[in-house]
Amino acid sequence: MGNDYMVEMQHITKSFGKLIANNDVSLKIKKGEIHALLGENGAGKSTLMNVLYGFYGKDKGKILWDGKEVSIKDPDDAIKLGIGMIHQHFMLVKKFTVLENVTLGMKEGKWIEIPTEEIRKRIMELSDLYGLNIKPDARIEDLTVGEQQRVEIVKALYRHSKLLIMDEPTAVLTPQEVTKLFEVLHKLRAEGKSVLFISHKLPEVLEISNSISIMRDGCMVENMENRPDLDERQLANAMVGREILLDIEKSECKPGDVVLKLDGACCDGVNTSCGVTDFSLEVRRGEIVGLAGVDGNGQTDLSELIMGLRKQTKGKIEFLGQDITHLTTKQRRELSLGYIPADRLNSAMVGEFTLRMNMAINKPDKAPFGTKWAFNKKSAGAYTREKMKEFNVIAQSDEVPAKNLSGGNQQKVVLAREVGEKVDLIIAVYPTRGLDIDATRFVFDTMLKARDKGTAVLYISNELEEILQLSDRIGVLYEGTLNGIIPREKADVTTIGLMMAGREAEVIDK
Amino acid sequence: MTSIVLYFNSAITLAVPILLVAIGVCYSEKSGVYAMNSDSSMLGSCFISVAIMLGTGNAVLAILGGVLAGGIIAALFSIFAVRIGANQCLIGLAFNFTVMGLTSSLLRLFWNTGGIPQFAQPGRVAIPLLSQIPVIGAILFNQPVMIYLVYIMVPVSWWVLFKSTWGLQIRAVGENPSCADSVGIRVIRTRTIAVIVGGLFSGCGGAILAVQQVGTFTEEMTGARAWMGIISAYFGGWSPIGSAGAALVFGLAESLEKRIQLLPFINLSSYVVQMFPYIAALIVIVLTGRNRRHPAAMAKYYQKQ
Amino acid sequence: MNDTKKLNSATVIQTIFRLSSVIGAIIGLLIAALFLTLLGINTIEFFVELVKGALGSPKAIGNTLNRAAPYMIVGAATAIAYECGSMNMGQEGQVFMGGLGAALVALACPGLPKPLAIPLALLGGMLLAALYIAIPVIFRLYKGINEVLTTLIMNYVATLIVSAMVIGPIACTTSSSYPRTDEFGAAYMLTNWRDIGHLHTGIFIAVAVVILAIYFFYVHPAGLKARAVGFSPMASRTAGISPTKVFALGMLMNGAFCGLAGGVELLGRYNNLRGSYADGIGWDSLIVALLSGLDPKGVLPAALFFGGLYTGISTLQRTLGVPSALLSLIKGCIVIFVMTGTAIQKYHQAKLKKPAKKEA
């Protein structure tokens, strides 16, 4: 019997305690179609996908696979049906080879020897068919991010997946790698496979998808075919439910004297990161320097090097003219700067500590938090509450553990701590990761306000749109080096994209 | 010449209980669980196997009973350490106290101050052709029967852990449990089974120690052997073959401890001599390279939503 | 209406888990009683005699407090060290080394006056014990080897060292029925009161240590930094705190206070050093630290409980024929249930609490 739809999710409801993550959500995906699922952070997209893949159980609703109702209780069931999932954070064992990762989860016998020859052959077959370019005996930790993603795709195809779910697949790719991925997706579609593509990147969604579904606040609000006349503004409004300004008002940049200066700075990488090589950069008062780059090209290395969390092997770092190369992190913390690290919950806050204690953690022995001999709960609490109001942090009190807060509110607390008092330099690394539009807006405003008051801002992010909107000057991080720095007026997506892939800025700038 | 051969021969015999624990630790820790139940599994097994030996006089039955006891203790351990997610080191310590208290109390209550009388231990069996090989033959192939089984268990365990599908699953669960879960591997079940297998091996070590080597049960008779088993596994990179090497070092040290007083020119206090195995342990630890990293997801609790 | 009901049951369950220490202790005792019933010993009699043995007479109370003193010192130090992210399991050996250190001072300087003798001896004990724990610390810092294994092994070595010393270099010069050192001068004995079961001044030292621990943990800014390391080494580094420094200092502090306890036990109860004089103090104190929920505020009640338990079971050996190994059984069961309570609180309460975070 001919059935147009590969999968139909009907009236799915899923709650976590009081929170309704999916509220009567329905979704239909045709066979041989690329279907995009759009929504803000917190809209419920991941929950819906996890229900489909069996990671979560649904409270209400039906799932039809090829017309028949099915029950998906764990990933096993999903895989058996033919659903493959490619997670945002790849589910690969770094130490194993490609072949071993593909082998995992095979049901044929526990005690037999792994049939390596057979598996190797099939991997090569799939690799050739879809243009994936995979070497079966490579170790995952030696592969690039783009290659690792293709290993995930091979894994799914190996199990005869008919539907591939991809969760934010382009977040970690350069624009050029994205093009390559889209070629693979087209081939999949040509072979009759379906792809469900979760994203918040509107231009890509418009480029690749056949149908688009939009979620908002746990509900499905739109289902549409991709038409030539659709534009980003319409999608964005559906995502947020109101007219939003995608553009930011920025006053003219009037740079002052140099606040932060890196001169040939180098440091080694940690685990698989690339470290920093021969980095020279100046950040001046009243300007925002944005550093673009694909995740994993030295963002954390650079910011940690500046903060003294890495051993500097060569070069110099100066802050307001003072050589800080040999200062410890503690000593750098006493300078007038604010640091917003990438990994919010793990690096910037102690989840189990109260907000009050988190506010104090940089200097618990200084006013208003305490003295050399005693921590003053009362004054620390009063200060915290004051800042919570100023930064619009929504929480029960200053005594709740930080891990209870939402991502956006946590970030606001970090901002309150780091830039609540005027500082001369802000270093921000992926500050809007995982935040919804309102919180993102707040971060932008904070950065711009600081810049207008004369603070120097170093803004490191992998979201190209953000960098383009905020920065006065844009540089690119590539493999731990500064691959060019150009004024905002001269920058566009293509130029930056090429720089992100390693091409020289001068070569492009004809 | 003979005394040197005897020295090495007895080193192997003494190393075996430690090696058995080490093999068990390989399974357990590769799956991401600290094998802190090793000592309690071993000691419990000593007790049960001696009890069975006294009751039936059958050494095979006694050893099987000990193995089973080790496995049951490991199963209980896995409930707390894997299922519930309590701190593995402390739960292991608690099991140590519990089993020590239980066995010592039972010993005191049923056998009073006299202790358990020693029974006859199974003797050595020389393998016909192999034991004729000069030096090596006398050392390796003139051992109690159970030791020969251990010779086989080492390569077999290596194959299971590194070449079989099940071994791949165990290692995956230890490295990246989310990944394993996403391909349908039951993380908690895999870890539980690995821990139980570890307990069976520790139990085997305890049974062989009690039935074959010592011939009776005394309070806390396992001493630090289980910890040495854990250190051996660590040194061997959690591979049964590497662990065998380290376990041998411990066997050599213990054999030395037993024999050094017989040498006429050595006059060490018995306490200093007893330190040899522990000093060996510290040396092994120091020699272990810095790049010994536990499986990435060691002791991290895993939970499904 | 429904809302408040749910809230109440959640609070109740939360309170139950906070009391997991108490529940753990009770369950441990009940299991021991059950075990004894199977062997013909009456449960009621067991508990009655236990309490009598622990608190039934001035002598008993004195013994209980004497036993609780080292528990308090080591328990408080261990609680703080664990909260700093270290996991020292070598208290047993470090206590022994403390006694050795104090003995060495006592034997080397026999003629010192009392106000100088005791502090010096205790300091000697702390120093030796701190040096002893420095070895596992170095292994951890330079080789990345987990301190659990190394401190455990060092326990065995410590008792052997003390025994070897007692029959060797510092052996008694006169004949004796058991291996021991010479007697220390009278100046080296802590004041004690014979009528209260030889209760000695160690208890005051112990209480002072607990108060110091509470102050450090809850009031001093360094306590906040140390706790940060225990919860999140990464976040601490960002804040300028050095996790390695905190770890090393925590361990050394832990070792030093174990040494103090060893010295207190030695000088309070004996006038010479003999092997195995401090058997079990280290382990019991570790359990006291766990029972206290790794919180200095809880160390006092936990230590008193355990001191009473130990004293009670010791007398039960005589009165009811209960083997002293039973204490081990109880200890084990208590830890199992206390740690289970902690784990349930950590991982399984999510089903009861309402999540404030949205999962995207």
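1. Into which domains is chain A divided? In this predicted model, chain A consists of domain 1 (5-240), domain 2 (256-336 + 424-510) and domain 3 (349-421). Taken over C-alpha atoms, the centres of domain 1 of chain A and domain 3 of chain A are separated by 39 Å.

2. The backbone of chain A deserves a check at a cis peptide bond. A:Ala367 and A:Pro368 are joined by this bond, with omega about 0°. A:Pro368 sits in the loop between helix H12 (355-360) and helix H13 (377-390) of chain A. Most peptide bonds are trans.

3. Most residues other than glycine have a negative phi. A:His11 has a positive phi, near 55°, and its place is in strand E1 (residues 5-16) of chain A. A:His11 counts as partly exposed because it has 14 C-beta neighbours inside 10 Å.

4. The second case is A:Glu479, where phi is positive at about 50° although the residue is not a glycine. A:Glu479 belongs to the loop between strand E19 (473-478) and strand E20 (481-487) of chain A. With 15 other C-beta atoms within 10 Å, A:Glu479 is partly exposed; the cut-offs are 20 or more for buried and 12 or fewer for exposed.

5. Chain C has 14 helices and two strands. Its C-alpha atoms fill a box of roughly 80 × 55 × 35 Å along the principal axes. Of the 360 residues of chain C, 55% count as buried. Among contacts in chain C with a separation of 6 or more, 79% are between residues 24 or more positions apart.

6. Which residues have the most contacts inside the largest nonpolar core? They are A:Leu52, A:Ile165, B:Ile91, C:Met72, C:Ile73 and C:Val335, in a core of 366 residues. For C:Met72, the partners can be listed, leaving out residues up to four places away in sequence: C:Ala206, C:Val207, C:Val209, C:Val210, C:Val299, C:Leu300 and C:Ala303.

7. Between chain C and chain A, 21 residues of chain C are in contact with 38 residues of chain A. On the chain C side, the elements giving two or more residues are helix H9 (221-231) and helix H10 (233-238) of chain C. H9(C) gives the most to that side, with five residues. By class, the side of chain C that touches chain A has 11 nonpolar, four polar and six charged residues.

8. Between chain B and chain C, 36 residues of chain B are in contact with 36 residues of chain C. The elements that give two or more residues to the chain B side are helix H3 (59-84), helix H4 (88-111), helix H10 (225-235), helix H12 (270-274) and helix H13 (276-287) of chain B. H4(B) gives the most, with 15 residues. The side of chain B that touches chain C divides into 25 nonpolar, nine polar and two charged residues.

Terms used
Residues are numbered from 1 along each chain as its sequence is written. Chains are lettered from A and ligands numbered from 1 in the order in which they are written. This is a predicted model: local features need pLDDT of at least 70, side-chain atom pairs count only at pLDDT 80 or more; totals for chains, interfaces and linings use all residues. Two residues are in contact if their C-beta atoms, placed from the backbone, lie within 7 Å. Helices (H or I, at least four residues) and strands (E, at least two) are DSSP runs, numbered from the N terminus. Ala, Val, Leu, Ile, Met, Phe, Trp, Tyr, Cys and Pro count as nonpolar, Asp, Glu, Lys and Arg as charged, and the others, Gly among them, as polar. Domain bounds come from an automatic or database domain assignment. A nonpolar core is a set of buried Ala, Val, Leu, Ile, Met, Phe, Trp, Tyr and Cys residues joined through C-beta atoms within 7 Å.
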